[in-house]
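Welcome! Here is a friendly tour of a protein model, meant to be read with the structure open beside it.

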Amino acid sequence: MNEEEFPRKSIRPDFDLIYAHPQPGDRIQKEDDCFLFLETVQAAQDKLYISYLGQDQKTDVERMPSTLVQQLMEALPENRVNNTKHSLHAFNRKYYDKENKYQSFSIVHKQVADHIHNGEISNIQFIEDSFTQPDLQQLDKITINDFIDFFEEPSKYLVRNYLNIHDFNTQKEIRDRESFDMDGLQSYKLSNFIFEKLSEGYPKEQIYSYSETNGWIPDKLKGEKVFKSNFEAVQELRSAIREVSVDESRSEQINLTMNTLNLVGSISGIQGDIFISTRVGKRKAVSEIEHWIRHLILLKSRIEIERSIFISKDKGGISTMTILSSEIDMDVLNDYIDWFLEETPVFQKFAFFPETSKTYAEAFIKKMDHDYALSKARSEWEPSFNRTFVESNDYYNRLLWREKDPLTEEMFSKNALRFWRPFLKAVEASNDQ
């Protein structure tokens with residue numbers, strides 16, 4: 001019964017005629033939830049237990065229950081309400097203290113509590129050093145997207161696909177407060193949505209209405225300014241795309257077999273003999289990985305591609321990266337597939353982090369000095385005062401590399417150069433043309 005989750009906020013699309021033309025007697029979800037809560041309270045015969053998240057898991061800021069719970073607490077006498085604060089985790093040691101009012105009888109949770117209290121868990125590795133992927137011998141087909149995911153987020157690929165562990169902190173709660181401002185991620189999502197809908201032929205007014213209805217932009221004048229700013233940025237990007245467009249965009253179905261592995265999927269953004277990728281925002285290493293691998297697959301599939309162009313739009317303006325197919329080593333994709341199929345320990349195979357590894361590769365190629373390149377990579381890897389969204393803080397990286405420093409692994413530098421050297425060489429040679 002969290003404040004931001006109940007009563008639920010009704011989100012209706014702009015094509016909902018009942019929402020667009022309300023009539024007396026129409027159901028209102030918020031009032032329905034209030035009635036359900038009232039029914040629950042009246043159905044309680046002896047006691048009613050209500051739980052809610054009373055403290056933020058990351059900032060420790062106190063959080064309030066649902067407004068309905070607050071109203072109930074205000075209406076009842078103080079002696080009728082018992083508000084108890086519980087630990088976030090069931091294995092908190094206080095639940096096994098005989099003097100504590102609330103006791104737990106879970107043997108498993110007691111063992112965990114004892115391990116933590118005695119410090120026995122600190123040296124336990126998440127995965128053994130010798131662990132390898134168990135199904136590589138049987139793997140004969142994979143989608144292009146999954147193949148790209150392996151290089152874009154290696155730790156996430158391993159943890160989710162082989163251990164079935166997910167980062168539940170990324171599942172956002174439904175917000176029941178007015179939106180007053182937008183962070184960078186929200187702005188990127190809005191711009192990306194505008195770009196997609198404009199490409200599909202939707203008018204500006206309809207896109208704005210949908211964005212407003214779904215709570216993606218602040219209310220009233222603030223929202224209009226935010227939408228206008230993002231819309232103009234998207235239009236600038238679309239204008240840059242039109243300048244390099246030579247034909248109608250098409251997709252190619254891919255069915256490519258290399259090194260016993262069958263790559264299947266489709267690649268879009270092909271115009272004549274040019275492959276075009278776009279991004280509403282700064283071009284990042286993960287975006288370059290996707291663009292680069294798709295370019296390689298198109299060439300190996302014998303699809304005529306003279307060059308590829310990556311166009312992005314950030315605060316500094318339009319950025320364009322061009323790669324000529326004539327400057328690409330045709331054996332690169334074979335090496336990437338060998339890497340994907342290697343039966344080596346995961347701490348060797350997965351010691352690759354797009355941004356950090358690219359930083360190392362660029363610095364090493366520039367000065368041919370390992371220590372200098374490693375210093376640059378560590379600056380990219382570790383957070384600083386104004387840089388908190390770094391790869392070392394990624395949930396899956398922290399989980400897989402717990403108690404380890406991946407940058408000190410010998411394979412970190414080798415993997416960085418193995419992936420990024422052919423890319424950087426092709427980009428540099430293309431810029432010299």
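This is a predicted model: local features need pLDDT of at least 70, side-chain atom pairs count only at pLDDT 80 or more; totals for chains, interfaces and linings use all residues.

Residues are numbered from 1 along each chain as its sequence is written, and side-chain values use heavy atoms, with hydrogens and water left out.

**A threonine and a lysine**

Start at Thr-356, which lies in helix 13 (residues 354–367). Helices here are DSSP runs of H or I with at least four residues, numbered from the N terminus. With a relative accessible area of 0%, Thr-356 is buried. Buried means under 20% relative accessible area, exposed means over 50%, and partly exposed is in between, using a 1.4 Å probe and protein chains only. The side chains of Thr-356 and Glu-391 are joined by a polar contact of 2.6 Å. A polar contact is a pair of N or O atoms within 3.5 Å; within protein, one must be able to donate a hydrogen and the other to accept it, and residues adjacent in sequence count only if both atoms are side-chain atoms. Leaving aside residues up to four places away in sequence, Thr-356 touches Ala-377, Glu-380, Trp-381, Glu-391, Leu-407 and Phe-412, where contact means heavy atoms within 4.5 Å.

Lys-228 belongs to helix 9 (residues 220–244). Lys-228 is partly exposed, at a relative accessible area of 48%. From Lys-228 to Phe-385 there are 157 residues in sequence and 31 Å in space, C-alpha to C-alpha.

**Aromatic rings**

The whole structure holds 26 aromatic pairs. Rings of Phe, Tyr and Trp (its six-membered ring) pair if their centres lie within 6.5 Å; planes under 30 degrees apart count as stacked, over 60 as edge-to-face and the rest as tilted. Two of these pairs are shown here.

| Pair | Centre distance | Plane angle | Class |
|---|---|---|---|
| Phe-347 and Trp-401 | 5.0 Å | 65° | edge-to-face |
| Phe-419 and Trp-420 | 5.1 Å | 80° | edge-to-face |

Phe-347 sits in helix 12 (residues 346–349) and Trp-401 in the loop between helix 15 (395–400) and helix 16 (410–432), so their pair ties together parts that are 54 residues apart in sequence. Phe-347 is buried at 5% relative accessible area, and Trp-401 is buried at 3%. Phe-419 is buried at 0%, and Trp-420 is buried at 0%.

Lysines also meet these rings. Lys-358 lies over the face of Trp-420, 5.6 Å from the ring centre, and Lys-404 lies over the face of Phe-347, 4.8 Å from the ring centre.

**Two positive phi angles**

Most residues other than glycine have a negative phi. Met-368 has a phi near 55°, a positive value. Met-368 lies in the loop between helix 13 and helix 14 (370–381) and counts as exposed at 54% relative accessibility. Glu-403 has a phi near 65°, also positive. Glu-403 is placed in the loop between helix 15 and helix 16 and is exposed at 58%.

Terms used:
A charge sits over a ring if NZ of Lys or CZ of Arg is within 6 Å of the ring centre and within 35 degrees of the ring normal.
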